Amino acid sequence: MGKKRKASETEAVDEYPAAQANTSKDGKERKSKKKDTTEKSLTPSALTNSTKEKPEYEKMTIEELKRKPENEEESDKAARKAELKKRKREDKQKAEVEGGDSIAAETDKDKKKAAKLAKKLAKQGQASEEGKRQLAEESKEEKAARKEAKRAAKAKAKEEASANGEGEGKKKKKKTKGTVTEVEETKDVIMEDAVEAIVEDKMDVDSSNSGSSESEVEKSKTPKSNGSTAPTTANGTESPAPADSVAINLYMTTHSIKITDPAKPDSASCDLILNFSDLPAVDKSHLAPFSAYKSPTPIQAASWSYLLAGKDLIGVAETGSGKTMAFAYPAVQYLSKMSKSDRNPKKSGARVVIVSPTRELAMQIFEQVEKLTLAAGLKEAATCIYGGVPKDPQRESLKKALVIVATPGRLNDFLEEGAANISQAGYVVLDEADRMLDKGFEDAIKTILGATPATPKRQTLMFTATWPQSVRQLASTFMTKPVRIGINSPDDGDLRANTRITQTVEVLADGRIKEPRLLNIINAHQRSSPGAKNDRILVFALYKKEAARLENFLRAKGIKVGGIHGDLNQATRTSTLAEFKAGRTPVLVATDVAARGLDIPNVKLVINVTFPLTIEDYVHRIGRTGRAGELGKAITFFTDHDKAHSGSLINVLKAANQAVPDDLMKFGTTVKKKEHASYGAFYKDTSDAKAATKIKFDD
Ligand SMILES: Nc1ncnc2c1ncn2[C@@H]1O[C@H](COP(=O)(O)OP(=O)(O)OP(=O)(O)O)[C@@H](O)[C@H]1O
């Protein structure tokens with residue numbers, strides 16, 4: 001069947017629910033936290049001496065306040081305790097706002113946990129081959145040198161600490177084989193022990209194969225400061241070292257990260273930012289939007305250094321893994337580093353452009369970007385441009401915009417009429433990049449990129465959860481030597497669904513039983529536990545009319561349901577999505593307009609009533625559940641009409657360790673990898689389809 005997907009048809013608008021918990025950390029609150037917390041020390045004698053002179057509690061350190069002086073009067077004790085309490089409360093608030101201390105503390109715990117896990121995985125032979133290879137490249141000789149350096153540094157640190165009366169835990173540096181080996185505090189020794197155990201395990205297994213060449217060893221162990229792409233902060237100071245190579249190797253092992261940097265093709269070293277506190281920021285207050293999170297997600301950890309260093313990048317990571325912040329944070333730092341005169345939209349236009357395939361997704365990205373721009377003190381710096389709503393307010397907002405988040409159609413309209421100026425936009429992102437490079441959008445994207453500075457003056461980023469071969473060639477024409485980062489993503493174009501989603505495929509002999517079966521599943525879920533009645537359930541249909549029919553059917557059966565598809569006006573779509581997000585309408589029937597990118601909290605179940613046009617869309621649809629580390633469930637009806645997808649679906653199920661029903665196997669395992677500009681490498685082969693009825697794809 002010939003099905004055409006139009007760029008304009010995939011656009012939709014709706015309101016995205018506001019703000020996560022951290023939005024309460026407004027500028028005002030941050031200001032108060034930014035007060036100088038430097039504590040001047042009082043000598044211990046000042047605490048115990050005079051009972052006549054009142055101690056200056058506000059000048060004391062927390063430690064000094066904790067110490068009870070001899071002969072302390074009751075009134076002094078109360079004042080001291082009150083000051084101590086106040087100070088602790090302030091510190092706690094500060095940590096919450098700046099995401100510093102609490103995140104660092106969590107990170108230490110995490111590191112220990114990760115070390116244990118890595119050791120266990122390595123023993124079970126489950127650690128990724130890439131990580132194990134890198135770890136195994138550490139030669140015995142180097143290991144001995146490192147141990148020696150560690151011992152020497154420890155001894156020196158101890159010596160100095162006893163000489164200075166200081167506690168342990170400062171970083172010491174010692175030259176080893178012409179490189180600088182960083183010796184971290186006790187917590188990192190635990191990490192190193194775990195990594196050594198992995199290396200030893202590997203060497204035991206692989207002893208005949210342990211002779212990596214000297215140069216390979218040097219490369220794999222080169223500390224990040226050596227030839228590193230680590231960014232510097234705007235004020236020119238060197239950024240904090242993201243993490244040492246041991247911690248990086250360990251992280252790569254446990255998170256299955258593959259980084260290909262054409263600038264350093266033979267290098268095994270890379271820069272990861274494992275803690276928010278290590279993230280270069282023009283000002284630490286810019287990190288406030290991260291205060292709700294414990295640590296960067298793998299795609300954030302892996303991509304930030306490269307993006308902050310100005311590299312082009314292709315980031316492929318599973319649905320719901322935090323890709324938005326991965327590209328949005330460096331975008332805002334890029335702006336923050338500019339001089340005020342360069343950051344003048346009236347003079348230079350917008351400096352950052354982020355393009356998304358749907359209106360809802362554009363609005364969602366805008367909300368994340370706005371949190372960052374506000375934290376960076378850039379008021380009204382971002383705007384969201386999408387179709388289906390009046391142009392005037394958008395045209396007005398473009399005059400002040402440094403960041404444009406847009407759907408391609410409306411942005412092109414504004415480019416044509418001269419209302420948008422992106423001629424100096426040096427940071428351009430294609431979110432859902434494979435979709436953006438699909439035929440429906442290809443021309444619009446070419447026009448948009450053509451209006452920005454030519455590469456390499458432009459930094460171009462592409463992010464997605466699916467990266468079919470069919471779009472890679474086209475992508476490369478827009479980029480300069482992009483770094484490729486794949487998280488848990490094979491290089492061969494095979495797809496990986498989010499492994500936290502339990503996928504079930506129900507092969508139905510007759511499509512007519514879809515509706516009663518759908519009702520049955522929804523009822524069963526809503527009755528499964530007292531709270532389940534309010535769980536969000538997202539039902540996908542392929543066509544607008546089908547979505548409307550399903551919505552009416554469910555409503556007639558007493559289900560609180562809403563619908564989103566192209567036949568509905570913007571106002572209805574907006575309110576329907578808002579009701580769904582708020583949980584007032586727990587079931588939403590949607591076409592593929594809601595398949596990509598939408599981040600709706602608490603979607604517990606996705607039901608695919610009709611299989612999508614491509615296997616990539618399947619991965620994105622089910623990716624509306626199981627987000628940000630949560631678990632999710634997806635149920636897919638599969639009928640004879642969908643048999644062309646059986647092979648690719650079986651592969652996706654197997655790759656995520658999901659059960660493959662025998663009935664599905666009967667349809668065959670062949671995957672027809674056809675190159676097709678509109679539908680990717682998995683385009684449905686129509687040559688053996690029955691009658692060629694022209695069907696217009698609506699959303
Ligand atoms: N470091 C982090 N820790 C925890 N949660 C995070 C972190 N970064 C982002 N998130 C949250 O994870 C959720 C998913 O993020 P996001 O929408 O960016 O995912 P995505 O990878 O773009 O997904 P998709 O491929 O479906 O578009 C959001 O709710 C976001 O707030």
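Strands here are DSSP runs marked E of at least two residues, while helices are runs marked H or I of at least four, all numbered from the N terminus. Two strands count as paired if DSSP finds at least two bridges between them. Welcome to a predicted model, in which local features need pLDDT of at least 70, side-chain atom pairs count only at pLDDT 80 or more, and totals for chains, interfaces and linings use all residues. Residue numbers start from 1 along each chain as its sequence is written.

**View 1. An open sheet of eight strands.** The strands follow the order E4-E11-E5-E10-E9-E6-E8-E7, with mixed pairing. E4 (257–260) and E7 (382–385) each have a single partner strand and stand at the edges, so one side of each is left without a neighbour in the sheet.

**View 2. Strand E7 beside strand E8.** Four bridges join E7 to E8, and the two run parallel. Look for Thr383, which stands opposite Ile404 in E8. Ala382 and Cys384 point one way from E7, Thr383 and Ile385 point the other way, and all are buried (20 or more other C-beta atoms within 10 Å of a residue's own, with C-beta atoms placed from the backbone). In a regular strand, side chains alternate between the two faces of the sheet. Together with helix H15 (residues 392–398), E7 and E8 make a right-handed β-α-β unit: with the strands pointing away from the viewer, the path from the first strand over the helix to the second runs clockwise.

**View 3. Strand E5 beside strand E10.** E5 (residues 313–316) and E10 (residues 459–464) run parallel and are joined by four bridges. Here Val316 stands opposite Thr464 in E10.

Definitions and conventions:
A residue is buried if 20 or more other C-beta atoms lie within 10 Å of its own, exposed if 12 or fewer, and partly exposed in between; C-beta atoms are placed from the backbone.
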